[in-house]
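Me: I want to learn how to read a few features of a protein model. Can we take them one by one?

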Amino acid sequence: MSTNVAIACQGGGSHTAFTAGALRRLLPALVESEEYDLVGLSGTSGGAFSAAAAWYGLLDGGSEAALRALRGVWMEMCAETVAEEALVNWTVALTRVANSGVPIAEVSPYFNPLADWGQERLRAALEAHIDFEAIPDLVGPDRPRLVVGTVDINAGKFETFANEAVTPEVLLSSSAVPELFEAVEMDGHYHWDGLFSQNPPIHELMDVPRERKPEELWVVQINPQGREDVPKSLVEIADRRNELSGNLSLNQELRFIERVNDWVERGLLPEEDFAHTEVRRIELGWSLGAASKLNRSRRFIRELMDRGEQRAEAFLDEHHPALAREPTPALD
């Protein structure tokens with residue numbers, strides 16, 4: 001019997017390039033093993049971009065296709081020109097100044113032409129490497145499931161989309177930070193960043209038939225869980241608030257998993273429907289600051305992806321040495 005594994009990818013802007021790196025290391029090991037079965041991927045915001053690219057690649061051509069899709073999407077989203085790099089640096093610096101308490105004039109994304117341009121860049125990156133029209137023919141009950149989280153701002157409720165329901169609009173919704181992008185309309189309702197909802201979706205990974213339930217849940221976590229010092233400056237306070245708010249829904253979902261595990265161990269739930277799920281985290285482990293989540297410089301993205309591969313390598317060595325394998329191909 002193989003062990004069912006699901007991977008949940010937390011959102012966090014450009015920092016989720018770390019997730020792409022981690023998936024580049026984890027997926028080939030999982031796919032090539034007969035002892036493990038990847039049953040699901042979930043994500044929010046940038047985590048959803050990585051999860052969707054990896055998932056599509058796996059379904060369309062296996063682990064090598066997944067590696068190409070992950071690399072392609074993230075390299076496509078990097079700043080391409082000197083002017084764009086300067087704009088990225090200016091945006092990061094301005095955000096850091098605003099977080100320090102200095103009054104900064106703000107412009108609604110509905111009156112900022114760069115907001116539309118930014119969303120179109122994201123759409124182009126996704127559609128260049130994911131054939132959304134082909135997805136309905138690739139999904140199936142015995143194939144990994146994809147779940148993406150958004151928030152319906154009209155209804156005021158969390159909303160998730162799975163498998164073929166994941167469209168470019170869903171992924172743009174999941175990354176629509178209200179201060180940066182316009183809300184995305186779907187079926188008459190408008191949606192914002194999934195960071196306001198489930199970051200990332202976990203319950204939906206568990207709400208599947210017993211034979212597809214994850215026995216291990218690997219969480220790729222962007223925001224630091226703990227911090228030794230006390231934030232004192234306004235920038236430090238803003239950074240820590242960002243980290244804590246990003247972890248709030250994640251920890252709530254994981255506490256529910258722990259509660260179910262306790263009920264399973266106490267024999268309070270039927271074995272034919274429920275099983276213990278081991279939760280393991282792969283953490284970024286860097287305190288980078290909230291403003292740098294807007295940094296799309298190629299060098300920064302590559303550093304994060306390299307970090308993801310290294311942390312995933314350490315994770316496999318510690319928890320699943322049988323999955324250790326040769327390093328993934330380097331980014332060119």
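Me: Is Glu-106 buried or exposed?

Reply: Buried means under 20% relative accessible area, exposed over 50%, and partly exposed in between (1.4 Å probe, protein chains only). Glu-106 has a relative accessible area of 72%, so Glu-106 is exposed. One caution on sources: this is a predicted model, where local features need pLDDT of at least 70, side-chain atom pairs count only at pLDDT 80 or more, and totals for chains, interfaces and linings use all residues. Residues are numbered from 1 along each chain as its sequence is written, and side-chain values use heavy atoms, with hydrogens and water left out.

Me: Where does Glu-106 sit?

Reply: Helices are DSSP runs (H or I, at least four residues), numbered from the N terminus. Glu-106 is in the loop between helix H4 (82-99) and helix H5 (113-129).

Me: How many disulfides are there?

Reply: A disulfide is a pair of cysteine sulfur atoms within 2.5 Å. A search of the whole structure finds 0.

Me: Which residues lie nearest the centre of the second largest pocket?

Reply: A pocket is an open set of points on a 1 Å grid over the protein atoms alone, where a 1.4 Å probe fits, with protein on both sides within 12 Å along at least five of seven lines; lining residues have an atom within 4 Å of a point. Here they are Met-206, Lys-213, Phe-256, Val-260 and Phe-274, from a lining of 15 residues. H8 gives the most to that lining, with 4 residues.

Note on methods: Helix = DSSP H or I, 4+ residues; strand = E, 2+ residues; numbered from the N terminus.
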